[in-house]
Amino acid sequence: MPSSDTGRIAVIGGGPGGLYAAALLKRLRPGREITVWERNAPDDTFGFGVVLSDETLGGIEHADPVVYRALSDAFVRWDTIDVVHRGVTRTSGGHGFAALGRRTLLRILHERCASLGVGLRFGTEAPPAAELAAGHDLVIAADGVHSATRAAHGRHFRPTVTDHRNRYIWLAADFAFDAFRFEIAETEYGVMQLHAYPFSAGASTVIVEMREEVWRAAGLDICDTAQSVERCAKIFAEALGGRPLRSNRSSWLTFATVSNARWSHGSTVLIGDAAHTAHFSIGSGTKLAVEDALALAACVEEEPDLPAALAAYEAERRPVVLSTQRAAAASLRWFEELPQYVDQPLGRFAFNLLTRSRRVTHGNLRLRDPGFTEEVEEEFGCPPDTPPMFTPLRLRGLELRNRVVVSPMDMYSAVDGMPGDFHLVHLGARALGGAGLVMTEMVCVSPDGRITPGCTGLWTDEQAEAWTRITRFVHDAAPGAAIGLQLGHSGRKGSTRLMWEGIDQPLEEGNWPVAAASPLPYAHGVGQVPQALDRAGMDAVRDRFAEATHRAARCGFDLLELHCAHGYLLSGFLSPLTNQRDDAYGGSVENRLRFPLEVFDAVRAAWPEDRPMTVRISATDWARGGTSDEDTLTVARAFAAHGADAIDVSTGQVVAEERPAYGRSYQTPYADRIRNSLGVPVIAVGALSSWDDVNSLLLAGRADLCALARPHLYDPHWTLHAAAEQGYAGPGVSWPLPYRAGSRPPPTGRTDAPKPRLTLG
């Protein structure tokens, strides 16, 4: 880009992101006139230490060796994490951290900017961005989480700011911890936690965090800063060795997650916390700001004009930021839910903490610290050389050889409810593929309980015979594999087309009447208005479930799952968005549970006592006014009390207007909460794809079984391949005899080249 296109640049905010952007842009084109406005004095700053990753440092080294050398000289480095709980410390090594004081970082950037000729205006409030834009070619808004620029142009940036419930305070100790330290204090007021790390040879950052209700119960809401500092030092006196803490303009805060629909408006662009925030527990605030500066400078240099540069900057950075924010959200949520984990064994607790963001997994912990990981595996009950996913699990009289479940997936390939050759091949192939449990699609209890004309059923003896053919194949051809039946009724989501012909769209002809808890259509203006079930209708449905269950037992299914999720009939009774009854079956969550529990009891009574039952639920509706976290715990607790052996925890698909927060393993926190709040076994499901994720969830105690759907469509032998890739050949999985010749990855062509051996002059 010609320098004349960005000859004058204004930077609002003199934090690390703004300063580094100014230095890079000036270094690239010394003729530029660049001014940074910072309302505080040079030495004024919040917080104490800053952690940067090797990846970020690599970008700095490449872009500005002068800054890199200065940072390297100032860094303190360490590679261990101490987790301290109930007086016992568990240490994990091999992590690699680099930190320095925030004041030192700012001083290095101030000096670099001054040496390059960047104008630094300290103690000066920046003019509004619109005013600066009139006289500058580019305005960089690096004015932080409370960005005035973002607020002034909110109509264009369309920000979303989400406040969270924990309180925290940034403090410092005048000594260096020798590891990144997480310590838990179980006080009379509730659980509090300490995050601490060194940032110089003689100082450490200390963050104290707790839930809002704990903070208030402890009286910290009425303490001034000095009193808060003294109280925190007393609570964590053992960690501090009796030393005091100190503050730096410190106050109790709640974290706010910031995101924006757009990052630029005209010639004004947001970077750092003005554009996005990520929770401090993954140490990414300064890291993201510095990386934003690197990317912005590069795009301004590489693109032909400013609009293209700002578009390229956002396109490059947004996916990285979203990924980081998802990891940060998982970490933040873990600390908000910390009380539910405190009774875990120490090894599992430490592993759970280390893997909370999903950035650290079982696989890379085995590389970083194999001794630590092996101890946690032994505590979990893994036999020697056995990954967690290949440990057995017993549910009543059924022992599953491993923890992998082929999740129920509607195939829409039946005729008149009859499973055919397709279902035999589909389910049989996945049983041969090594999964511990293979689940059918939702099998419907009546013709009018189908979603589509292609759904399978179990309302006739002929259908039962067809299912028996499938269960017999699984048991005979794939010894050790179990097969489960998911039983359900479509409710208001019935009488629709096959998925690939128009999902949730009514049939063009041949529709059948649908029923639900309340006369509310799934898709307003499109779908049928269902008939609200009366007492006689509920009795008939309950009896259909019981009849189908008797047939399922005769078919030889090993496990039965009652489908109470995804907006189908029983799910429709559970959600307040779909159940608006004013009788004994509507209103409170206890009333909304009444009919699903009646059905469950009828099914449990018809199902053999030694065979397990699970229940699939939607733990959230992803919609305002829907199922709450407390509702979900009440529902799970009730089904467990009535005899459910595990809860299969899914989410959503209850109302058409849902807004799911999709992402890697995005539903597992709901399973985690049920398992660790209630002590009920759970099946985790939802965007699980790698065996590393499965091992991590199991070892952390967030799930007992992991259900995978699309990975098994991509690879019917997913579990066998997971075993081969981990070098596992034990009893948790076995290759069918005809397939054993393929139990190792096939050879491929060489991609290496001969290494040079001699250097001749």
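Visitor: Is Ile 503 buried or exposed?
Guide: Ile 503 counts as exposed because its relative accessibility is 52%; exposed means over 50% relative accessible area, buried under 20%, and partly exposed in between (1.4 Å probe, protein chains only). Keep in mind that this is a predicted model, where local features need pLDDT of at least 70, side-chain atom pairs count only at pLDDT 80 or more, and totals for chains, interfaces and linings use all residues. Residues are numbered from 1 along each chain as its sequence is written, and side-chain values use heavy atoms, leaving out hydrogens and water.

Visitor: Thanks! Where does Ile 503 lie?
Guide: Ile 503 is in the loop between helix H18 (499-502) and strand S22 (515-516). Helices (H or I, at least four residues) and strands (E, at least two) are DSSP runs, numbered from the N terminus.

Visitor: Switching topic, what about Val 682: buried or exposed?
Guide: Val 682 counts as buried because its relative accessibility is 0%. You'll find Val 682 in strand S27 (residues 682-685).

Visitor: And which residues does Val 682 touch?
Guide: Leaving aside residues up to four places away in sequence, its contacts include Ile 647, Val 649, Ala 671 and Leu 705. Contact means heavy atoms within 4.5 Å.

Visitor: Why is helix H24 largely enclosed by the rest of the structure?
Guide: Because eight of the nine residues of H24 (residues 691-699) are buried. Among them are Asp 692, Asn 695 and Leu 699.

Visitor: What do those buried residues pack against?
Guide: Their partners include helix H13 (346-354), helix H23 (668-678) and strand S28 (705-708).

Visitor: What follows H24?
Guide: Gly 701, with a positive phi near 80°.
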